[in-house]
Amino acid sequence: MSQSRFATPPNFKPRKAATPITGAVAWADTPVGLKNAARLPALFISHGAPTLAIEQSATTNALARMGHNLPKPRAIIIMSAHWHSTKLEVSSNPKPKTWHDFSGFDDALYDLNYPAAGQAPLAESLAQQLTARGITCSVNPVRVWDHGVWSPLRHLYPEADVPIVQISLPRHYDSVACYQLGAQLARLRRQQILIIGSGNITHNLQAMRWEADSVDRCANDFKVWLLQQLKSDIPAALDWQQYPDYRDIHPSDEHLLPLFFALGVGQRVSVVHQSMAHHSLGMDIYRFD
């Protein structure tokens with residue numbers, strides 16, 4: 001399957017996707033003092049391999065520029081591909097440790113610490129308001145930062161001076177559920193809160209070729225197609241498993257689902273960065289307004 005010149009792959013037969021909600025649900029009123037705060041975008045960040053944390057690359061440069069150019073948030077809410085749960089959970093740990101949730105890498109990675117604080121009041125408010133809207137949700141006071149959180153944020157905010165609330169990815173959530181959850185939080189953009197989905201636009205570890213300069217055409221074709229759907233047909237994007245041989249790009253869905261969480265927060269997509277790493281890992285970064 002190598003049709004990078006074509007917007008739509010051959011033998012493509014679209015299916016009717018579940019219709020998502022089309023507008024953001026209003027959150028609590030903006031706090032006093034934040035009435036004129038800049039509205040922040042939502043971001044989808046492809047965090048790649050854990051080595052992203054110590055790399056200097058086009059991807060990390062794009063993250064650094066974005067952190068410099070965006071108004072500094074008062075908090076970050078992030079969904080990582082690496083926190084799976086039975087039900088939706090919100091981290092309320094005030095001082096989470098840096099979890100090196102991987103093995104087999106250089107010692108330098110295990111020496112890294114990203115000491116960003118949590119923000120329990122925001123976490124508890126999120127859990128309460130989501131529960132009030134019928135979304136099963138609870139706080140988790142012991143959750144630590146997995147590498148889907150700290151490896152990209154180390155470049156976005158290297159001083160670790162923005163408090164973070166992490167939300168889990170429930171195992172039963174699909175793209176529409178993630179989109180709808182993001183829409184529930186969209187109003188928070190007006191409260192100087194940056195909302196991030198951290199995963200990978202393509203993620204087939206079996207197809208990786210470590211440090212290779214080559215590009216997996218199947219993976220590249222998929223991300224070209226998906227970006228077109230994000231720009232023009234959100235229901236088709238949410239029905240991403242209609243794509244032929246999608247399991248060759250995402251054998252499991254946890255690294256793509258945070259994209260739809262960010263999409264729910266802001267439906268207008270723009271590209272911050274595009275590249276491939278290790279042959280098959282798409283390293284794209286998207287902004288949603």
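Arg189, Arg287 and Asp289 are linked in a network of salt bridges, a salt bridge being a side-chain nitrogen of Lys or Arg within 4 Å of a carboxyl oxygen of Asp or Glu. The model is predicted, with local features requiring pLDDT of at least 70 and side-chain atom pairs counted only at pLDDT 80 or more, while totals for chains, interfaces and linings use all residues. Residues are numbered from 1 along each chain as its sequence is written, and side-chain values use heavy atoms, leaving out hydrogens and water.

Asp289 is buried at 19% relative accessibility, whereas Arg287, at 28%, is partly exposed (buried: under 20% relative accessible area; exposed: over 50%; partly exposed: in between; 1.4 Å probe, protein chains only).

The structure holds 5 salt bridges. One of them joins Asp161 to Lys72, with the closest N and O atoms 2.5 Å apart. Asp161 lies in the loop between helix H4 (147-156) and strand S5 (164-170), and Lys72 in the loop between helix H1 (58-69) and strand S2 (75-85), so the pair ties together parts 89 residues apart in sequence. Asp161 is partly exposed at 38% relative accessible area, and Lys72 is partly exposed at 44%. A salt bridge also connects Asp146 and Arg143 (2.8 Å, N to O); Asp146 and Arg143 are both buried.

The protein chain has 8 helices and 10 strands, taken as DSSP runs numbered from the N terminus (helices H or I, at least four residues; strands E, at least two). Of its 289 residues, 56% are buried.
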